[in-house]
Amino acid sequence: MAALDGITVLEISEVMQAPLAAQALADFGADVIKVERPGRGDAIRGQDRHATANGLVSSYFTALNRNKRCICLDLKHPAARGVLHRIVPRVDVLIHNFRPGVMERLALGYEELREIHPGLVYAAASGFGETGPLATMGGQDMVAQSLSGIAVHSGGPGGRPHLCPTPFVDYASGMSLAQGILLALMERQRSGQGQKVSISLLEVAMGMQTLEATSQLMYGVETNWVADWFPNAVFATADGWITVLGFYRDDVFTRICRVLEIDDSAGAAYPTPEAMAAGKQELNAILEPEFGKRPTADCIERLGSVDVLCAPALTLAEALEHTQVRHNETVLTVPVSQQPPARTIAHPVTLSRSPATVRHGVGRLGEHTRPVLRRFEFAADEIDRLAAAGVLGDAGDEVGS
């Protein structure tokens, strides 16, 4: 039995933050019904340029929307909002990532919906928070990296701000939203009452810096885990790159010198990570040419033999084929409507008795509109009338499905 069997989720969201949260619930058994706009659907369906150019399903959409049933409703149409008002009393969770105020204007805000369903867990994801000076501004991962201080911090002291090309704030925000939903569901078991769960990219980006922020707040000291703890963290080898860290050991430099077969007499002057950071220019001058003489695998083996933290700096393609990644079964195969199965990344949490599963794959835009409405006791002629009025979208009627 799946961990979330019997939980029904209504997802009205796009791109990554909220769809990831919904997929996390779906992977563990929740019945997730994804609502998309007719004709276009989730914006991420059209953002994979390779897929669009070749008439394929977006890999980005595939990554975030397995185990969901896709329906199309034009929420600008009053009748579509009426459809949701009939569905909401029979779902456990509603997830959305509209800007603050939009759901209220659509008569789908929390205060209105809890009147018809007091047990509803209403999860709202935003860019910067639901109130305040930036509440109505559009949110995006890299904007959050910039506003939260991450971009400047990543650039290093005095350096140009650096944006990470992987949307890690989006990912952490989605997982945090899923955590909040699960907490609300647990509390509902005791109280019988639902509640509102809110998350924002900015709050999560700040939370991800809890160590650095606390150092700044308590003592006015900026912590940089690379610059403060070792000389260059990344060194060029004869055939690639290697990351070497000096955490947790007070004799790291001596150990490195020993296994690289170089003079370690300078080790006495740099007995701690703090001393090594202070003398990083001198240490880099010693270490860089030595790492450059050896292949990466040889460096890894030598450093590993004396318990120095290190790893090859891999490309994503190389990482996906790494033996540990394969062993962990990180790559998952999911069905994709009207094309061969796709490989994507599995949920990172493993449960021993009720693990994540793939029950169904990635659907076309509007593929499940009619079956889902029938499940919620809409009559066939009623569905036909809604479709004729332009309220619904059926599979095959939309572009980019």
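**Sheet S7-S8-S9.** I began with the open sheet of this predicted model, in which three strands follow the order S7-S8-S9 with antiparallel pairing. I noted strand S7 (234-236) and strand S9 (310-312) as the edge strands, each pairing on one side only. Averaged over the sheet and with direction ignored, I find neighbouring strands turned by 25 degrees against each other.

**Pairing of S7 and S8.** I then looked up the contact of S7 with strand S8 (residues 241-244) and recorded three bridges in the antiparallel sense. Opposite Val-234 I found Thr-243, which belongs to S8.

**Helices on the sheet.** I recorded helix H14 (residues 280-292) as lying across S7 and S8, at about 50 degrees to S7. Helix H15 (residues 296-305) also packs on the sheet, where I see it touching S8 and S9. The direction of H15 makes about 165 degrees with that of S9.

Because Tyr-110 lies in helix H6 (residues 110-116) and Tyr-122 in strand S5 (residues 121-126), the pair ties together parts that are twelve residues apart in sequence. I checked the exposure of Tyr-110 and Tyr-122 and found both buried.

**Charges over rings.** I looked up Arg-45 and found that it lies over the face of Phe-61, 3.8 Å from the ring centre. For Arg-86, I noted that the charged end sits over the ring of Phe-378, at 3.7 Å from its centre.

Terms used:
Residues numbered from 1 in each chain as written. Predicted model: local features only at pLDDT ≥ 70, side-chain atom pairs only at ≥ 80, totals over all residues. Heavy atoms only, no water. Helix = DSSP H or I, 4+ residues; strand = E, 2+ residues; numbered from the N terminus. Buried < 20%, exposed > 50% of the residue type's maximum accessible area, 1.4 Å probe, protein only. Lys NZ or Arg CZ within 6 Å of the ring centre and 35° of its normal. Pairing = 2+ DSSP bridges. Axes fitted to C-alpha atoms, helices over the stretch in contact; angles between N-to-C directions. Contact = heavy atoms within 4.5 Å.
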